[in-house]
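Student: I have a structure to study and would like to go through it with you, one question at a time.
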Amino acid sequence: MKKYIIQSLRLTGVLMVLLCIIYPLTIAYIGKFTPGEGAGEKITKNGKVVGYALIGQSFTKPEYFWGRPSAVGYNAAGSGGSNKGATNEEYLKQVSDRVDTLLKYHLYLKKADIPADMVTASGSGLDPNISETGAIMQIKRVAAYRKLSDRTVAELVVKNTEGPLFGLFGPSKVNVLKLNVALDELKK
Amino acid sequence: MNTELLGIIATYALTLLIGIPLGIYLAKMFAGEKVWTDFLKPLEKGIYKLSGINPDESMNWKQHMKALLMINMVWLVYGFFALIYQDKLPLNPDGNLGQSPDLAFNSIISFVVNCNLQHYSGESGATYFTQHFVFMFLQFVSAATGIAAAVVLFKAFRDKTTTNLGNFWVFFTRSITRLLLPLSVVVAIILAFNGTTTSYEGKDQFISLQGDTVHVSRGPAAGFVAIKHLGTNGGGWFGVNGAHPLENPNYLTNMVEVISQVIIPIAMVFAFGYFIRRKKMAWVIFGIMTLGMMLLLVPTVISETGGSPNIAKMGVSQLTGAMEGKEVRFGPTATAYWSTVTTIISTGSVNSMHDSAMPLTGMFQLIAMMMNCFYGGCGVGILNYFIFIIIAVFISGLMVGRTPEFLGHKVEAREVKIASIIALLHPFIILVGTALAAYTVTNFPDADWLVKPASWLNNPGFHGFSEMLYENTSAAANNGSGFEGLGDNNVFWNVLTGFVLILGRFLPIIGPVAIAGLLASKKYIPESAGTLRTDTLTFGVMTFVVIVIIAALAFFPALTLGPLAEHFSMIK
């Protein structure tokens, strides 16, 4: 029995060197050669960092495309979903309020034009994407506030839509931050 | 065919393409035959030498279990104190506090038992020291513990009659050096090149496009995420786990993560068959497990892609399915696939919030954990399935009037008793835990804990009950996912699930190994015309029926009160 205790302690120590020091440092070193050098890929506008490509941010101004509702207000210090169940009355009221708000800002929309992702909170609260439909429904509003033609904005949406993986697997999506940066840069 | 469906079909095909050859490799490697990873032998020799281990010393099943329990005890004690005093230890760039004793008790047990229930949030509840030297360390070694225990069982059925079951430390060390570590490096590199962070810089701050100041938690997550999946651990670097964009940046990483969590459980089935030189048995077990998975997967995908009936009533379009708690980059189909995989095996990592899934989806997640043997966790999946095999052998033996035998060894009262106790333990701890919780919520709503029972539940009615049932089921199955709306960081849940976790881990490991050890020491009876063959499809179906009946009888009433009641109240 005593033999097993000593073996356990020594083996634990040896494995810690391998698994908790050598392994993560190797990965950290390799990570330096990745696009964001391992610290997260950043998005810049005029040379200034305005966010991370993968972290969604809150957009409330009418001249920007909006992202999905977030249970943590896009505070990336933490993360979280709403964890509301499908039959929760209070939650359903909230979703229906979001639908009304969207309709108020987009008078040209019918309810059926609104995709579910625009009125439901994401799992992480930091979802950087919206669906293609979610972007298309906002085109007219953004164009009006920016005094641009619908076509110009629509072209930008198409350019910023990422298709399925290898054109085959998974959904297509729009990165809201990248799209908005592209919009801002258009103005110049 | 739509791209989302095509995505999960490709994912499963890739899983088999990797998992099956991996199993054959594992059989050879653990048997000590020549394999291409033999160049790692010097590393292993070094590890044995530094640890004072003689790799040639053989153990019987009791010695195996002593070694296993001893090293697990060392980790429990060490980790508990490391978590409490993490604020005083180095590598704490974000200045996080130490964990409270009850939280540390829960966290350390949950990582030692390969569950990763996580009543803390990675961004604020752990430091870089504890993330590495406690959590990530345990993700490797707890997976290796499960695999090593399974190999002991394999060894028992390889030879006719034997008490020599190999050396525990060798099985354990090789699980790490020849399997978990190399695969983790590969997965971590793929993740890193897709955007998962690897650097040790702490929180960052920037001004958003709209002018808000935003803080971002980061950290060396890639290595952690790789082993959390390969080792069926599931504990996230960040609070929301695989839903976090830095843990799981795109559809490709989602495929890689969901594939990596199930390849070892599938490989272990084939390793078993090839190790004991009964390939047909591996295919039968694999077939039954796959049937079980498909019966859960298909209705889950249908229920999620169908969307929420309540939101449909509002007139909103649910083109691809229900979206609450899900990420756009994965879509409902891949999310449903992940939720099935993560609950049939014991990973418990999530790429969506299970609390917000459709009620029936929640039920399938619960059933998957209640059965806990369709592929199952690293090593422990095949151990759990073995228990049902023994029960099936016994029942079918009674039905056809033959002496129950398994692989040439008589299955007698002692083995059947152990198997029955293990099979019944699972429903017992789940239902008793849930009953205790429900009783506390009803009778002591104002108890003075960190989270008062009155505010535990994030959702009213049937769904609230499901939240408590899920937490106990997840703990007992050593799964680690949760209906995360539950206010679980308080003394009641930390202590309750702490005990559920530990009961749900070690007895289901010791039981099957004990049965295997006892059987292996019995006289070998050559197969004859009178033998009930256990590698036939008929016997496979028999095992499946046993699993379903045990789960159905034990859990149906609880499921009726939770997800089923919620579903029918929703569609009425």
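Student: Which residues does Ile390(B) touch, leaving out those up to four places away in sequence?
Tutor: This is a predicted model, in which local features need pLDDT of at least 70 and side-chain atom pairs count only at pLDDT 80 or more, while totals for chains, interfaces and linings use all residues. Residues are numbered from 1 along each chain as its sequence is written, and chains are lettered from A and ligands numbered from 1 in the order in which they are written. Two residues are in contact if their C-beta atoms, placed from the backbone, lie within 7 Å. By that rule, Ile390(B) touches Phe406(B), Val411(B), Glu415(B), Val416(B), Ala419(B) and Ile515(B).

Student: Is Glu467(B) buried or exposed?
Tutor: Glu467(B) lies in helix 16 (residues 461–476) of chain B, where a helix is a DSSP run of H or I with at least four residues, numbered from the N terminus. A residue is buried if 20 or more other C-beta atoms lie within 10 Å of its own, exposed if 12 or fewer, and partly exposed in between. Because Glu467(B) has 26 C-beta neighbours inside 10 Å, Glu467(B) counts as buried.

Student: How far apart in space are Glu467(B) and Gly485(B), C-alpha to C-alpha?
Tutor: Gly485(B) is one of the residues that Glu467(B) touches. The two are 18 residues apart in sequence, and their C-alpha distance in space is 7.5 Å.

Student: How many residues of chain A are in contact with chain B?
Tutor: On the chain B side of this contact, helix 7 gives the most, with seven residues. Altogether 100 residues of chain B take part, and the number of chain A residues they contact is 86.

Note on methods:
Helices (H or I, at least four residues) and strands (E, at least two) are DSSP runs, numbered from the N terminus.
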